[in-house]
Amino acid sequence: MRFRAKAVDFTCIEQFTKVVSIIAKMTQLCVLRLTETKLFFILNDKVAKGGIWCEMNASNFFDEYRMDGVGEDANEIYLEVTPDDIVRSMKTAHAAKSVKIKLTKKFSPCLTFEIELASKTGQSRNVVHDLPVNVIGRKLWSEYKEPSVPDFDVSIHMPPLKSVKTVVERMKNLGTYVEVSANHSGEMRLRIETEHVTVSTHFKDLEVAELDSGDSQTQRRDMSTMYGAKVDIRRLLLFLAGQQLHAQRIVCNIVDERVLHFYLIQEDVTMQFYMPIIHQ
């Protein structure tokens with residue numbers, strides 16, 4: 001197995017750091033899948049922490065990229081990594097001339113980050129970080145496939161996340177869980193309900209994803225019917241606090257009382273988040 005990548009463009013280095021920072025806020029451990037042309041960060045723990053599927057085109061981030069997998073019939077590499085370790089390593093790269101990432105064998109398998117920094121004298125100096133990783137065997141690869149997408153009851157474009165975050169931060173002082181719901185009229189509702197108080201905030205005139213007009217079930221739907229799911233308010237805040245990408249589009253997909261799924265679309269990366277659902 002071999003892996004080597006090099007980035008020299010500051011914007012690409014910064015964007016890569018932002019992506020990993022988002023994932024680090026959501027989980028302590030995840031799987032880094034490397035293919036010939038793409039990188040994936042994957043978390044498959046929908047019950048406790050939720051699911052994450054982040055897909056990145058290598059050519060959008062790295063000037064050099066080479067990966068030789070475990071075999072010709074399985075030209076991929078799966079590594080269990082600690083995203084926060086990557087973020088800490090990349091903090092020294094804010095003024096880097098280049099960043100090299102390699103799969104190495106030191107005291108154990110490692111992702112080695114070699115960061116070339118410019119000095120005031122004009123000479124370069126290198127900072128090296130060796131991050132231990134676990135290599136995942138082929139027998140377990142099937143556990144990290146892209147999650148299947150169900151038929152959602154409603155898909156709606158999110159309002160500005162800064163506004164949503166402000167509302168949810170105020171709600172966290174009132175209770176533990178928040179219900180996120182939406183309808184086909186372009187309305188989204190955040191509601192918290194306790195024994196003593198019920199508080200809700202409504203966002204209106206949002207764009208609803210178009211559905212197949214030939215679907216008779218869709219045609220019979222009441223446009224005002226709300227579909228929602230209840231989640232831990234702290235997990236939702238972690239998701240909202242981590243959104244530094246300024247994504248072109250963020251879609252919230254809901255299966256009533258079963259699924260709350262966020263889909264972020266950016267020019268060089270796509271990210272999916274499944275929130276663990278609370279059943280009460």
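Okay, ground rules. Residues count from 1 along each chain as its sequence is written, and side-chain values use heavy atoms, with hydrogens and water left out. Because the model is predicted, local features need pLDDT of at least 70 and side-chain atom pairs 80 or more, while totals for chains, interfaces and linings use all residues.

Let's start with the sheet. Helices (H or I, at least four residues) and strands (E, at least two) are DSSP runs numbered from the N terminus, and two strands pair if DSSP finds at least two bridges between them. Here 5 strands make an open, antiparallel sheet, ordered E5-E1-E7-E8-E9. E5 (64-68) and E9 (124-132) sit at the edges with a single partner strand each, so one side of each has no neighbour in the sheet. Between E1 (residues 2-7) and E7 (residues 96-105) there are 4 bridges, and Arg4 stands opposite Lys102 in E7.

Now, which residues of H1 meet H2? Contact means heavy atoms within 4.5 Å, and on the H1 side we get Ile13, Phe16, Thr17, Val20, Ser21, Ile23 and Ala24. Their partners in H2 are Pro83, Asp84, Ile86, Val87 and Met90.

Last, the largest pocket. On a 1 Å grid over the protein atoms alone, a pocket is an open set of points where a 1.4 Å probe fits, with protein on both sides within 12 Å along at least five of seven lines; lining residues have an atom within 4 Å of a point. This one has 17 of them, with Glu179, Ala229, Lys230, Ile278 and Gln280 nearest its centre.
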